[in-house]
Amino acid sequence: MMAKAGVGALGAALLAVLVFLAISSWSRQPAAAAKPSAQPINFPHNVHVGTYKIDCQYCHSDARRSEYAGLPSVERCMGCHKIVAADKPEVKKLADYHAKKEPIPWVRVNKLPEFLKCQGCHGPVETMTTFAARTGTSLRVDLLNLVGFSPAPPPLTMGWCIECHREQNATAGRRAPLDCVTCHH
């Protein structure tokens, strides 16, 4: 009988810890960080990167050599979409920009001045339908996912980025800059 009481107490303690972690995670994250930015075309990264395995740099060709990863031209997109999914509403929007010879007026989401793996800051882009920040892997995130909670994304604030740079410098031997002009120029 004592063993069952111990297991019950352990289960209650574990549940309390999980509830605490979930509440503390949500309370520290601004709600706006979870919302994807409004874009002129809903671009499904999960289809392009996840399903069709298109390399990030096919579309973001400046990522390795510039402070700005770059965005694909309408012509690059239409290279495939003249044929593929031409009947879809979002592709029709793309075709309209192409017909008018206008670039797509994408809204900048964030600025990553050095080339990193996309997932390091953006999270698992290959699984996203619309770009938004997501949390990375950690014990807390794994536990929350295990019990059915979706953890809030990182705020992508200056402090969050600087903390990541410090961690990368300390643990991965990188030289991630901490100077203000890295992002603010």
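Lys53 is exposed, at a relative accessible area of 65% (buried means under 20%, exposed over 50%, partly exposed in between, with a 1.4 Å probe and protein chains only). Lys53 sits in the loop between helix 2 (45-51) and helix 3. Its phi is near 55 degrees, a positive value in a residue other than glycine. Most residues other than glycine have a negative phi.

The model is predicted: local features need pLDDT of at least 70, side-chain atom pairs count only at pLDDT 80 or more, and totals for chains, interfaces and linings use all residues. Residues are numbered from 1 along each chain as its sequence is written, and side-chain values use heavy atoms, with hydrogens and water left out.

The protein chain contains eight helices and zero strands (helices, H or I of at least four residues, and strands, E of at least two, are DSSP runs numbered from the N terminus). From the N terminus on, the order of elements is α-α-α-α-α-α-α-α. Of the 185 residues in the protein chain, 24% are buried. The protein chain exposes about 12600 Å², and carbon and sulfur atoms supply 62% of this area (Shrake-Rupley method, 1.4 Å probe; for residues, only the protein chains shown count as cover). Among contacts between residues at least 6 apart in sequence, 55% join residues at least 24 apart (contact means heavy atoms within 4.5 Å).

The largest nonpolar core has seven residues: Ile41, Val74, Cys77, Met78, Leu94, Tyr97 and Ile104 (such a core is a set of buried Ala, Val, Leu, Ile, Met, Phe, Trp, Tyr and Cys residues joined through side-chain atoms within 4.5 Å). Helix 4 and helix 5 are the elements that give two or more residues to this core. Helix 4 provides the largest share, three residues. In soluble globular proteins, nonpolar side chains tend to be buried together. Ile41 belongs to this core. Not counting residues up to four places away in sequence, Ile41 touches Glu90, Lys93, Leu94, Tyr97, Ile104 and Trp106.

Helix 5 buries Val91, Leu94 and Tyr97. Seen down the helix axis, these buried residues fall within an arc of 110 degrees, so they line one face of helix 5 (the arc is that of the directions from the helix axis to the C-beta atoms). Pro89 and Ala99 are exposed on the other side of helix 5. The cover over the buried residues of helix 5 includes helix 4 (74-81). His81 is placed in helix 4. His81 counts as buried, at 14% relative accessibility. Leaving aside neighbours within four places in sequence, His81 contacts His48, Ala86, Val91 and Leu94.

The structure holds one salt bridge (a side-chain nitrogen of Lys or Arg within 4 Å of a carboxyl oxygen of Asp or Glu). Glu90 and Lys93 form this pair, with their closest N and O atoms 3.1 Å apart. Both residues lie in helix 5 (residues 89-99), three residues apart, about one turn of the helix. Glu90 is partly exposed at 22% relative accessibility. Lys93 is also partly exposed, with a relative accessible area of 33%. Side chains of opposite charge can pair when their charged atoms come close.

Ala85 is found in the loop between helix 4 and helix 5. Its phi is positive, about 55 degrees, although Ala85 is not a glycine. Ala85 is partly exposed, with a relative accessible area of 27%. Lys101 follows helix 5 and has a positive phi near 55 degrees.

Cys59 lies in helix 3 (residues 56-59). Cys59 counts as buried at 18% relative accessibility. The C-alpha atoms of Cys59 and Pro72 are separated by 4.9 Å, although these residues are 13 apart along the chain. Beyond neighbours within four places in sequence, Cys59 is in contact with Gly70, Leu71 and Pro72.

Leu146 lies in helix 7 (residues 139-146). Leu146 is exposed, with a relative accessible area of 70%.
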